[in-house]
Each structure stands twice: as C-alpha cells, then as structure tokens.
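Below are my notes on the model you sent. They are meant to be read beside the coordinates.

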Amino acid sequence: MLSTHTTDSNTHANTILKSNLNERYCQVRSLTEYLSQPLSAEDQCIQSMPDVSPTKWHRAHTSWFFETFLLSPLLDGYKVFHPDYGYLFNSYYETVGPRHARHERGLLSRPSADEIGIYRTYVDEAMGTLFDQPLSIENQELIELGLHHEQQHQELLLMDIKHVFWSNPMRPPYSLSPNQEGIALEPPARPSTSPSWLSNPGGLIDIGHDQTRPDTFAFDNEYPRHRVHLNPFLIGTSLVTNDEWLAFIDDGGYSRAELWTSDGWTTACINRWEAPLYWEHNGSQWTHFTLEGINPIEPNRPVVHVSWYEADAYARWTGCRLPTESEWEQAAFAESPICGSPHQWHGSVWQWTSSAYSPYPGFQPAAGAVGEYNGKFMVNQQVLRGSAWATPPSHARNTYRNFFPPSARWAFSGLRLVQN
C-alpha cells in the first residue's frame with residue numbers, strides 16, 4: 001500500500017496505516033449500528049422475499065466476516081463467539097463450509113437482535129486486540145476488504161428494510177437523522193440546469209482500476225486495467241426523472257411488446273408491472289413508498305427501483321440506448337472527479353448499463369475463500385455504475401462494478417441515456 005526504503009520507515013508506515021485503518025474500522029462498524037438503531041427487534045427479523053435479508057442477519061454476517069477471515073487465523077487463542085454462527089451467517093463461501101439457506105434467513109428468531117449486538121461487540125474488542133499486534137500489508141488489505149464489504153451491507157440493509165416496510169400494510173416509515181457519512185433517505189432532485197448531452201470522442205481508452213495506485217481500494221472485479229475502443233457517443237448530463245418516466249407510462253410503455261426484450265416482456269407480464277416498484281396510483285395521482293413513508297411522486301427526482309428490463313425498454317422508447325460500462329466510466333472520468341459534478345455520476349441512483357457482468361481480460365480471482373467474492377457471480381447479471389444516495393460516500397468510485405440480475409427492482413437503480 002505504501003512504498004518505503006528502510007526497515008525503520010517500513011515499521012513507521014505500517015504503524016500509520018494501522019492507526020488509520022483502526023479508526024476507519026470503528027467508523028464503519030458504528031455506522032451499521034447507527035442504521036439499525038431506528039429498528040425494533042421485530043423489524044430486524046423480517047425477510048419479505050428471498051432477495052431480502054433481515055437486518056440482524058446483515059449485522060451478524062459482517063461480523064462473521066472479520067471473525068472467520070481475520071480473528072480465527074490471526075489472533076492467538078481466539079475463540080469463536082458461538083459454534084453455530086459459522087453455519088447461520090456464512091453467505092455463499094463454499095470453501096468455508098455449509099450454511100443456512102438464504103431464503104430461510106427470516107425463520108431465525110434466535111439469536112435475537114440483542115444477542116447479535118453482543119456478538120458485534122465481542123468481535124470489535126477482539127479486532128482491537130488484533131490492531132495492537134503487527135499486521136502485514138496483506139492482512140491490512142484484508143481488513144480493508146472487510147470494511148468495504150460491510151459498507152455494501154449498509155446499503156443492502158436500507159434496501160431490504162424498505163422492502164420489509166413496504167410489505168407491511170401499515171407502510172411504516174424508516175426514520176433516520178442526518179449522519180456524518182452523508183447517507184440520505186431519497187435521491188436528490190435533478191440540478192436546475194437543463195438536461196443536455198456530453199460529447200465524448202471515444203477512441204482507444206484504458207478502463208478499470210489502476211493497480212499502480214496501491215493507495216486506493218478496488219474489488220478484484222475492477223481490474224486488470226485494460227484497453228478498449230469506443231466509438232464517439234453522447235451521454236446524458238442527467239438521470240432519467242420521474243416526470244420523464246410518467247411520459248413513458250402514459251404512452252403505453254408497459255403494454256408495448258415491441259419495446260421489450262423477450263425475457264423482459266415475459267417477466268413484466270407475469271408480474272403485471274405497470275410502473276416502477278413502490279409506485280401506486282390512488283385514482284388522482286401517482287404516489288410511491290419511500291424510506292420516509294408514502295409521498296407524492298416528485299417530478300424532478302431520478303426514477304428509481306426500475307429493473308434492467310424496464311430501463312432497456314425505456315431507452316428504446318426514447319430512441320436512445322443504455323451506455324456500456326466503458327462509456328459510462330470514460331465519461332465520468334473525463335468530466336470531473338467523483339465529487340463536485342452537477343451531473344449525478346454519484347450519490348443519486350445506481351445506473352444500469354448495457355454491459356453483461358463478465359470478467360475483464362486477464363481477470364484472476366483471489367486465492368482462497370475470498371476469491372469467491374465476485375468471480376462466481378459473473379453470469380446472468382448486468383453491470384450498474386455510479387452509486388446511490390444510500391451508498392457511503394467513501395465507498396463510491398468511478399471504477400466500481402455493481403451487478404444485479406436484469407429483473408431486480410428492489411435495488412436503488414435508475415438510468416441515464418446514450419446516443420451514438
């Protein structure tokens with residue numbers, strides 16, 4: 001992570017890195033508990049569909065990650081908190097051992113939410129002891145991976161509890177006061193500037209995480225950096241809004257088979273899609289369920305909770321298309337840094353691309369169990385780029401490759417358009 005020249009400077013650099021990492025560890029772990037604080041023990045047990053995990057499962061699984069991959073192999077004399085937790089809170093790591101079925105996580109009334117809190121404290125105290133010991137650069141990088149993993153689950157926690165509360169006939173709101181990490185409850189409205197197009201000349205460009213910059217984090221699916229050729233293109237300066245999506249609905253977008261892929265049309269018909277997830281028409285106006293409760297549709301906010309199938313159909317309706325992930329990344333880097341752009345690259349909604357989630361040329365998964373983190377999912381998924389309003393800002397970057405199945409709607413997903 002840092003280049004040094006002498007044994008003394010190596011030791012000093014390692015101490016600085018550990019100190020910063022320890023502070024970051026405490027911040028990330030505290031945020032998870034902060035996001036869980038408004039939820040009752042009963043709230044934290046619910047699994048409203050197979051893709052949703054209960055809040056207490058997220059809290060436990062992220063602790064299991066540190067216990068399994070760091071504390072058990074590295075801390076002398078460490079005893080796992082509970083012998084059954086490895087089975088209950090392993091997600092998909094086949095090489096680690098068997099696990100409880102994903103779609104049955106909501107059946108776990110025990111351990112309780114309070115017991116998960118005790119588990120988290122136990123792991124945090126042990127990690128504090130680990131930070132007091134010498135740590136190799138490789139182990140520090142594994143801790144950083146664990147923290148970014150937990151940040152993923154922080155966003156999933158909000159995605160999932162939104163679906164849980166929407167599934168409740170009372171439609172209760174999730175209340176959260178502002179916090180230092182900048183996580184909001186709804187995407188910001190479109191900037192006041194008129195939507196337009198950014199011109200990009202294309203050509204031969206480099207895409208992916210730059211591994212010559214070891215001071216920056218990236219998941220293994222973001223590299224190797226590689227060269228691609230892009231034709232010239234125009235990309236929208238803003239995301240598609242609710243108002244623009246309403247025009248698609250009013251023009252029969254959900255009933256016109258010619259706009260949809262075959263799989264998309266079949267899925268939309270079977271599930272009777274007529275609008276984005278959480279939208280309802282009360283006879284006089286459209287409303288939608290938000291983390292703050294049921295609100296009228298705000299025209300200038302980005303449309304959210306649309307599947308790739310819907311995004312692709314909308315793009316075809318406009319005579320445009322979805323960007324490839326290479327086009328998106330090139331445009332985001334060409335225009336501005338991650339922060340400070342008025343064009344919603346980050347902090348609004350995840351943006352569907354036309355790119356299937358597949359390995360970059362030369363991709364090699366990491367050795368051992370952590371190699372299962374991304375590579376095994378590189379099939380039947382579509383790439384999303386950017387970040388959402390609920391993404392911790394320190395977790396967002398232009399090379400990030402998020403991915404979901406094309407039918408997924410509960411994610412914080414929207415779109416921007418491209419023209420050739």
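This is a predicted model: local features need pLDDT of at least 70, side-chain atom pairs count only at pLDDT 80 or more; totals for chains, interfaces and linings use all residues.

1. Helix α7. This helix spans residues 262-271, and G264, T267 and A268 are buried in it. Viewed down the axis of α7, the buried residues fall within an arc of 95 degrees, so they line one face of the helix. An α-helix has 3.6 residues a turn, so residues three or four places apart point the same way. The exposed residues S262 and I270 are carried on the face of α7 turned away from its buried side. Helix α8 (308-318) is included in what covers the buried residues of α7. After α7 comes R272, which has a positive phi, near 55 degrees.

2. W273. Where does W273 lie? It is in the loop between α7 and β5 (279-281). With a relative accessibility of 10%, W273 counts as buried, because the cut-off for that class is under 20%. Leaving out residues up to four places away in sequence, W273 touches Y254, W260, T267, A268, S307, Y309, E310, S407 and R409. Two of these contacts, T267 and A268, are also among the buried residues of α7. The C-alpha atoms of W273 and P406 are separated by 14 Å, and the two residues are 133 apart along the chain.

3. Y278. The loop between α7 and β5 also holds Y278. Phi of Y278 is positive, near 80 degrees, in a residue other than glycine. Is Y278 buried or exposed? Its relative accessible area is 3%, so Y278 is buried.

4. The cavity. The structure holds one cavity of 30 Å³ or more. About 30 Å³ of space lies in the largest cavity.

5. At least two lining residues each come from α2 (55-74), α5 (137-167) and β10 (402-404). Which element gives the largest share of the lining? That is α5, with seven residues. By class, the lining of this pocket has 13 nonpolar, 13 polar and eight charged residues.

6. The three-stranded sheet. The open sheet has the strand order β1-β4-β12, with antiparallel pairing. β1 (197-200) and β12 (418-419) stand at the edges, each with a single partner strand, so one side of each is left without a neighbour in the sheet. Four bridges join β1 to β4, and N200 has F233 of β4 as its bridge partner. Two bridges join β4 (residues 233-236) to β12, where V418 is the bridge partner of I235.

7. Cis peptide bonds. R110 and P111 are joined by a cis peptide bond, with omega about 0 degrees. P111 lies in the loop between α3 (85-89) and α4 (113-131). Another cis peptide bond joins Y223 and P224, with omega about 10 degrees. P224 is in the loop between β2 (203-207) and β3 (226-230).

8. R171. Phi of R171 is near 50 degrees, a positive value in a residue other than glycine. R171 is found in the loop between α5 and β1.

Terms used
Residues are numbered from 1 along each chain as its sequence is written. Side-chain values use heavy atoms; hydrogens and water are left out. On a 1 Å grid over the protein atoms alone, a cavity is a set of points where a 1.4 Å probe fits but cannot get out, and a pocket is an open set with protein on both sides within 12 Å along at least five of seven lines; lining residues have an atom within 4 Å of a point. Grid points are joined across faces, edges and corners, and a volume is the space filled by probe spheres set on the points. Buried means under 20% relative accessible area, exposed over 50%, partly exposed in between (1.4 Å probe, protein chains only). The arc is that of the directions from the helix axis to the C-beta atoms. Contact means heavy atoms within 4.5 Å. Ala, Val, Leu, Ile, Met, Phe, Trp, Tyr, Cys and Pro count as nonpolar, Asp, Glu, Lys and Arg as charged, and the others, Gly among them, as polar. Two strands pair if DSSP finds at least two bridges between them.
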